[in-house]
Amino acid sequence: MVTMKSFKTEFHLDKGSKDHIANQVSTITSMVQLGSIGGSLLAFILCDKIGRVRSLQALTLLWAVGFVIVITSYNSISQILGGRFIAGLGIGMTTVVGPTYLVEVAPKAIRGMLTNIFAGAVYLGVMIAYFSNWGSSIHISNSSRAQWVVPQSVHIIFAGFIFILSWTVPETPRWLLMKGRDKQALANLCRLRQLPADHPLIETEIMDVKEQLEREKEGTHGTSRWGKVRELFFIPANRYRLMLGVMSQLLGQWSGASSITIYAVEFFAALGKTGESEKLFATCILGIVKFFSAYICAFFLIDFLGRRRCLYTGITLQAVSLCYIALYLAIVSSSAPSPTICDSAKRAGGGAIAAIYISGFGWAMGWNCFQYLVNAEIYPLRLRALGSSIVMSFHFINQFGNTKAVPSMLLAMSGFGFFLFCTIVCALGLVWVWFFVPETAGKSLEAMDDLFQLPWHQIGRHSQELTAGQGSLSEAVSMDHLEKAEQEVKQHEVKGGAV
């Protein structure tokens with residue numbers, strides 16, 4: 001939006017020094033991230049108070065109202081900022097509400113896939129945004145404010161669409177059990193699994209959740225209203241969970257992928273794309289790459305390769321491609337006076353643009369898959385909304401920081417320093433994953449408690465070996481039902497293939 005001629009003219013972003021313009025652009029852009037910090041914390045209160053589905057409905061209203069304010073901001077940059085902040089409150093809630101809902105309703109065998117379908121939906125939005133901006137820049141005059149208003153209106157359409165569809169989905173059985181609404185929880189679980197109430201798999205899953213809730217009640221009996229916060233920060237197993245979430249956001253957000261997504265036009269300009277339409281079209285290709293990469297990882301990789309292998313591979317691809325771009329920009333900036341070297345650098349520019357796309361695939365396979373999934377699946381039920389809210393607020397704090405910093409970094413470092421910095425962050429991320437990240441694929445949400453009871457120095461490097469053949473008490477009881485369930489499944493045609 002901020003690169004369009006009509007927007008620059010209406011809000012005077014084509015006047016003033018480069019530093020002033022960069023600061024204005026970063027302020028407008030980062031206002032959504034600033035609102036999202038509050039939104040992710042608000043989600044904790046609403047998710048536990050009114051439920052996951054009602055929280056989804058609330059966030060769509062904030063999202064839509066914010067962008068109604070944005071598109072009616074005739075020449076008022078303060079109204080743009082206010083509208084984007086309000087929309088950010090709703091957008092920040094999505095990162096808590098969506099993954100929390102999905103992990104609580106998904107069978108464990110496809111929990112990773114479903115959560116990463118959510119993560120991939122981020123890039124469905126990115127792709128639509130890139131194409132709508134590109135199409136508007138081609139077909140709508142630079143003198144018409146409709147050029148930037150039409151793409152922004154897509155927000156309102158999607159918010160309304162999701163609000164309507166949200167009335168068709170059931171509340172999560174786990175939240176209902178936490179609130180003591182056992183009958184409705186059983187009915188919703190039967191609907192989700194397409195199985196009768198007396199089926200062994202339904203009985204076992206209900207028992208799993210009740211057992212965990214009982215353990216949590218016993219362990220936290222008599223605590224004050226701040227008991228959840230103390231429990232999260234002062235119990236070692238929960239503190240380790242929080243560390244995983246916080247560090248994945250810190251390393252993931254400063255690995256450069258989010259900045260490239262947000263400022264794609266500026267990065268392609270630095271790599272040699274000149275015309276406005278050419279730069280916007282290059283961003284469209286990036287949107288397609290990230291969209292399809294996210295869904296390839298969701299459907300074929302995350303639950304089959306596991307979390308750790310996907311992280312290793314994705315971060316490595318990202319680091320190598322970003323290192324190539326940094327070297328390319330270093331050569332271009334240092335050899336500008338020499339036409340021979342410049343010609344050679346120009347031919348290498350195609351490789352640098354390809355490296356942007358490769359880094360997008362690496363991000364989708366690595367940090368993007370991990371940051372939503374691990375944040376939603378590792379916490380006990382009582383702390384899931386709180387832990388997710390704190391981590392996702394940290395997500396947006398970091399995103400706000402790099403969104404504000406990147407325009408100035410590009411001016412000061414000619415792009416080279418930024419990409420070198422991101423390469424170093426990726427290298428640090430590989431080391432952190434090797435030491436600290438456990439493999440959680442195939443484990444039930446209730447079995448996570450057993451995993452995090454291991455000594456802290458063994459959870460990451462040896463969790464798979466040390467927990468092999470072990471599970472929660474409820475999983476052991478589940479084995480008693482296994483033969484009966486297998487026989488029943490053979491005789492019973494299960495709708496939807498949920499089992």
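1. Helix axes here are lines fitted to C-alpha atoms over the stretch in contact, and angles run from 0 to 180 degrees between N-to-C directions. Helices (H or I, at least four residues) are DSSP runs, numbered from the N terminus. The model is predicted: local features need pLDDT of at least 70, side-chain atom pairs count only at pLDDT 80 or more, and totals for chains, interfaces and linings use all residues. Residues are numbered from 1 along each chain as its sequence is written, and side-chain values use heavy atoms, with hydrogens and water left out.

2. Helix 5 (residues 111-139) packs against helix 17 (residues 367-377) at about 130°, the axes being 9 Å apart. Contact (heavy atoms within 4.5 Å) involves residues including Phe118 and Val122 of helix 5 and Tyr372 and Leu373 of helix 17.

3. Beyond four places in sequence, Ile356 contacts Ile260, Phe268, Leu271, Leu286, Ile325 and Phe419.

4. Asn75, not a glycine, has a positive phi of about 60°. Asn75 sits in the loop between helix 3 (52-71) and helix 4 (77-105). At 58% relative accessibility, Asn75 is exposed (over 50% relative accessible area; buried is under 20%, partly exposed in between; 1.4 Å probe, protein chains only).

Technical notes:
Helices (H or I, at least four residues) and strands (E, at least two) are DSSP runs, numbered from the N terminus.
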